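I opened my notebook to look up the folds, links and surface of one chain. The entries follow in the order of looking.

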Amino acid sequence: MFCKKISLTALLSLAASVSAHYTFPDLIVNGVNTGDWVNIRRTNNYNSQAPVTDVTSADFRCYTSQTGATASTANVAAGSTIGIGADQSVYHPGVVNVYMAKAPGNVTTFDGSGAVWFKVFQISAVTDGGKTITFPGQNINAVTFTIPKNLPSGQYLVRAEQIALHAASTFGGAQFYLSCAQINVTGGGSGTPGPLVSIPGVYTGKEPGIMLNIYYPIPTTYVQPGPAVWNTFPDLLLNGVSTGDWVNVRKTNNFNTQSPVTDVTSADFRCYTSQTGATASTATVAAGSKIGIGADGPMYHPGVVNVYMAKAPSNATTFDGSGSVWFKVYQISAVTDGGSTITFPAQNLNSVSFTIPKNLPTGQYLVRMEQIALHAASTFQGAQFYLSCAQINVTGGGSGTPGPLVAIPGVYTGKEPGIMLNIYYRRFHFVSSLSTLTKLFNSCPCYLRTAWSLATMFSKQLILSFLVSSATLVSAHYTFPTLLINGVGTGNWVNVRRTNNFNTRSPVTDVSSQDIRCYTSETRATAQTATVTAGSQIGFRADEPIYHAGVLNIYMAKAPGSAASFDGSGNVWFKVHQISAVTDGGKTISFPSSNLQDVTFTIPKSIPSGEYLVRVEHIALHSASSFQGAQFYISCAQINVTGGGNGSPGPLVSFPGAYSGRESGIQLNIYYPVPATYVQPGPVRFHTVFAVILIGSYPLRLTGCLEWMKAFRIYKFWRTPRNALLCFALKQIATILCPQLNHLFQAKGRDFDLTCILRTESLLSVWTVF
């Protein structure tokens, strides 16, 4: 095998004399090609297509030493998409960088000399720890990217380079295919692009991303050559509109260099202003409105996002954000599927927007945005934090108590599994000891390959499951403080009993504790009782979207008198609504309740009039693989139902008592193996389900599966042996079918209408789902 690999390397490295070379002659503006060499300076290789291999030569800049070419200058708006098109598909494996340089005047006469170039885009290689290396920039016909919105207006050179690595194992073996376009940027901003480099000068040619053998041994990681992509967060966005660079955002130390923070214990980890000492203007925003932080370019690196806020004791301008004052309001996490892939929804975003909670108290705040870049996070302090702080004044706020509160620095150690991790490849520590076994079993490669594949697969799945289930220190917890009546909130803790976690937002994990009922053991709270009509819509509003993956149940309990004095003890609770998980046999599992902020349902029309407790619970399952790992976020509202019916709600359960905590829908690993099915915890829902049973000419309308099961006892009232026998048979069939039907329709979240028509000679069952 070793010899085969060496032979393959030699064959691939020693390419044929006629190689699949290419040029980049076309500028593309908003998807439209402007033509060959119209807005691109004609390169020396326009005919030969030969690459540049000497990174110190003058041709390494725009490759025009022989042609001396300039070009027409294309007008493009900041924020628009442009690209450089090739004359054929980019054949060779390699990576891509795009640089820009601002001309001091007319770009036609600008030669691009000096430290004037900054990187705006790149396409890197993808590795997985040494098994494979792939090149997303291969076989493409064009390289497109977005002009940063805050790029200053003016004329620029745009330089695209594809670094072909098929013969890069020796110095000077990498091949650079490049060209320079001329553009005039209009409608730009006030950003300060950087870091700035000179070309030639940016590379030595011996960087590990330029001089390497991509075939054998396969690289375990890949480091993109050149500086970081220009990326800071200088803009505050109010309802989607930027207020300008560094106007409402404190100018960070890296406003020019764009270098990240890597030490989570440093003072710069808070707002990154130790050198600039900057403050900013304070923007006024209404509670419930949408704000955001805009980057100066797309967030290139894979990673996650957190947004924190801290209330200033008075003026935000003089507030340094010290102390345990920060609370999380938004996050964009990674998406995993048990070890096959990991994706980062925040990657390539230009901004991060979120809604100011409506119940946030009025006052001035710092808003801190951080993107944690994880491309080099496999070692301590390898994660890169790109961050900035905005100043806002919140008006029209509520009476919420934000939390949990943390200090920054202090919130992280830097060794959290969501900060220090290898997002490309990970093994158990014992894997290294397999080298001895490899030598022992070298004579049986098939055995080793099988064992190794199983060990690798097993370890990756477990590790990624652990990483996802082990959340960072500050989790996105929530409460349900608001009752909704026909879509309108009645206010925080007005008709909902204030829970123990109104400040901390910590969940209940012990299903046997008294707090699993209404979570008020410390507050001893009651609330006002809202009047609602049977058949109307009510619900709960969370203080922020439900972040964690999980399911939801809503129960009700009828008070013997006043709901305000009712503690909800005993077998008095019945389920009225649920939002379950959706499975597809083991391939995926999804949770429709995730990211909801409002959960609503209809009060059954048949429910008797009277005062009730209404209990909502969201069962978060992100760390539910062990006993008491599931997290219960709950609260209880008080309502008075009018215009009700004469239904008999059930089945009835008690809290605590409804769960043991070991139910298959409470204690489970939702990541690996992916559950093939999911069983919602708790009893079936009380809802109006009716059956019409015709025995001869005798109809009987009943409510609820259990009720019509009981009604089958009516066979004793029919004296004819045939009717008695048939009714007895129907009762036996229903005894078997009812639990199955309830489970089936409970899992699908639907009601059903079961019509059983009993004739003298046969039984016909018609099920209609609606």
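How many helices and how many strands are there in the chain? I counted eight helices and 37 strands. Helices here are DSSP runs of H or I with at least four residues, strands are runs of E with at least two, and both are numbered from the N terminus.

Entry on the source. I note that this is a predicted model, where local features need pLDDT of at least 70, side-chain atom pairs count only at pLDDT 80 or more, and totals for chains, interfaces and linings use all residues. Residues are numbered from 1 along each chain as its sequence is written, and side-chain values use heavy atoms, with hydrogens and water left out.

Entry on the whole chain. I looked up burial and found that 52% of the 770 residues in the chain are buried. Buried means under 20% relative accessible area, exposed means over 50%, and partly exposed is in between, with a 1.4 Å probe and protein chains only. The chain exposes about 32,100 Å², and carbon and sulfur atoms supply 55% of that area. The areas come from the Shrake-Rupley method with a 1.4 Å probe; for residues, only the protein chains shown count as cover. I then looked up contacts (heavy atoms within 4.5 Å). Of the contacts in the chain with a separation of 6 or more, 76% are between residues 24 or more positions apart.

I looked up an open sheet of five strands, whose order is 25-33-32-27-28 with mixed pairing. Two strands pair if DSSP finds at least two bridges between them. Which strands are the edge strands? They are strand 25 (530–533) and strand 28 (573–579), and each pairs on one side only. From one strand to the next, the twist averages 35 degrees. Axes are lines fitted to C-alpha atoms, for helices over the stretch in contact, and angles run from 0 to 180 degrees between N-to-C directions.

Inside this order I followed strand 27 (residues 550–558) and strand 32 (residues 610–620), which run antiparallel and are joined by nine bridges. Methionine 556 stands opposite valine 614 in strand 32.

Entry on disulfides. I searched for pairs of cysteine sulfur atoms within 2.5 Å. The whole structure has three disulfides.

The link is left-handed, with -85 degrees about the S-S bond. Cysteine 62 lies in helix 2 (residues 59–62) and cysteine 180 in strand 11 (residues 175–186), so the pair ties together parts that are 118 residues apart in sequence. Cysteine 62 is buried at 4% relative accessible area, and cysteine 180 is buried at 0%.

Another disulfide joins cysteine 271 to cysteine 389, with an S to S distance of 2.0 Å. Cysteine 271 lies in helix 3 (residues 268–271) and cysteine 389 in strand 22 (residues 384–395), so this pair ties together parts 118 residues apart in sequence. The torsion about the S-S bond is about -85 degrees, so I wrote it down as left-handed.

Where do cysteine 518 and cysteine 636 lie? Cysteine 518 lies in helix 6 (residues 515–518), and cysteine 636 lies in strand 33 (residues 631–642). Their sulfur atoms are 2.0 Å apart and form a disulfide. Cysteine 518 is buried, with a relative accessible area of 4%, and cysteine 636 is buried with 0%.
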